[in-house]
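Subject: Structure handover

Hello,

Here is the structure you were waiting for. My notes on it follow below.

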Amino acid sequence: MAESSEVRMEKTIAALKDSFNAIRTGRASAAIFDKIRVDYYGAKSPLNQVASISVPEARTIVIQPFDKTFISEIEKAIQASDLGLNPSNDGKVIRISIPPLTAERRKELVKQIKGIAENSRTSIRNIRRDGNDELKKQQKAGELTEDGLKTEEDKLQKLTDSFIAEINKVCEAKEKEIMEG
């Protein structure tokens, strides 16, 4: 039982990290483009599959399309995203300057991060609840003794505590990155 709960909790942490990667900090990072899709021959393709993304400087991102005819499609996709970035192209590559974050925007981002982290903590607690319900069913069916139930519930609680601590650690790191950025 604890194994399936652990797998679900690990997926929650992975989803949290993905969400955090998509949040733009003051520094240039290719990860902020992970969710951007480009119309490529009629299919929505991830940006990193139609272009190479490099970060030559701390506040500059260069996107080089594999097929130069799609440069305007890539530009449109970036402008349509909620990243608030302004791409410019020279016909071969797209350059994006990452503007520094204002103090107000930093506070908004930290608030957003805390909300995402809280949703992840709630997910972890829901997984624990589901696991406990399953354990109680097993006990009623005679598959677990009362002592066995208590032992398994304790294991599940320890697992939950460790994953919530991981969420807190990831959240603090992202918060620090934003406030320094």
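Which residue in β4 stands opposite Ile53? It is Ile63. Please keep in mind while reading that this is a predicted model.

Strands

I start with β4, residues 60-65, as several of the other notes refer back to this strand. Five of its six residues are buried, so β4 is largely enclosed by the rest of the structure.

On one side of the pairing list is β3, residues 51-57, which runs antiparallel to β4 and is joined to it by five bridges. The pair of Ile53 and Ile63 belongs here. β3 and β4 make a hairpin, with two residues between them.

β4 also pairs with β6, residues 94-97, again in the antiparallel sense and over four bridges. Two of the partners can be named: Ile61 is bridged to Ile96 of β6, and Ile63 has Ile94 of β6 as its bridge partner.

Salt bridges

Side chains of opposite charge can pair when their charged atoms come close. The structure holds eleven salt bridges, and I describe some of them here.

Arg8 and Asp130 meet through their side chains in a salt bridge, at 3.1 Å from N to O. This pair links distant parts of the chain, since Arg8 lies in helix α1 (residues 2-21) and Asp130 in helix α4 (residues 103-140), 122 residues apart. Arg8 counts as partly exposed, at 39% relative accessibility, and Asp130 also counts as partly exposed, at 29%.

Glu118 and Arg121 form a salt bridge at 3.0 Å, N to O. Both residues lie in α4, three residues apart, which is about one turn of the helix. Glu118 is partly exposed, with a relative accessible area of 33%, whereas Arg121 counts as buried at 14%.

In helix α5 (residues 146-180), Glu152 and Lys155 are three residues apart, about one turn of the helix. They form a salt bridge in which the closest N and O atoms are 3.2 Å apart. Lys155 counts as partly exposed, at 46% relative accessibility. Salt bridges with shared partners also join Arg8, Arg129 and Asp130 into one network.

Aromatic pairs

A pair of aromatic rings is described by the distance of the centres and the angle of the planes. A search of the whole structure finds three aromatic pairs. One of them is Tyr40 with Tyr41, an edge-to-face pair at 4.9 Å centre to centre and 70 degrees between the planes. Tyr40 counts as partly exposed at 22% relative accessibility, and Tyr41 is exposed with a relative accessible area of 62%.

Tyr40 also pairs with Phe70, and this pair is tilted: 4.5 Å centre to centre, with 45 degrees between the planes. The pair links distant parts of the chain, with Tyr40 in strand β1 (residues 37-40) and Phe70 in the loop between β4 and α3 (71-80), 30 residues apart. Phe70 is buried, with a relative accessible area of 12%. Tyr40, Tyr41 and Phe70 form one aromatic cluster.

Pocket

Rolling a probe the size of a water molecule over the atoms shows where empty space is left. The largest pocket has a volume of about 280 Å³. By class, the lining has eight nonpolar, three polar and four charged residues.

Regards

Key
Residues are numbered from 1 along each chain as its sequence is written. This is a predicted model: local features need pLDDT of at least 70, side-chain atom pairs count only at pLDDT 80 or more; totals for chains, interfaces and linings use all residues. Side-chain values use heavy atoms; hydrogens and water are left out. Buried means under 20% relative accessible area, exposed over 50%, partly exposed in between (1.4 Å probe, protein chains only). Two strands pair if DSSP finds at least two bridges between them. A salt bridge is a side-chain nitrogen of Lys or Arg within 4 Å of a carboxyl oxygen of Asp or Glu. On a 1 Å grid over the protein atoms alone, a cavity is a set of points where a 1.4 Å probe fits but cannot get out, and a pocket is an open set with protein on both sides within 12 Å along at least five of seven lines; lining residues have an atom within 4 Å of a point. Grid points are joined across faces, edges and corners, and a volume is the space filled by probe spheres set on the points. Ala, Val, Leu, Ile, Met, Phe, Trp, Tyr, Cys and Pro count as nonpolar, Asp, Glu, Lys and Arg as charged, and the others, Gly among them, as polar. Rings of Phe, Tyr and Trp (its six-membered ring) pair if their centres lie within 6.5 Å; planes under 30 degrees apart count as stacked, over 60 as edge-to-face and the rest as tilted.
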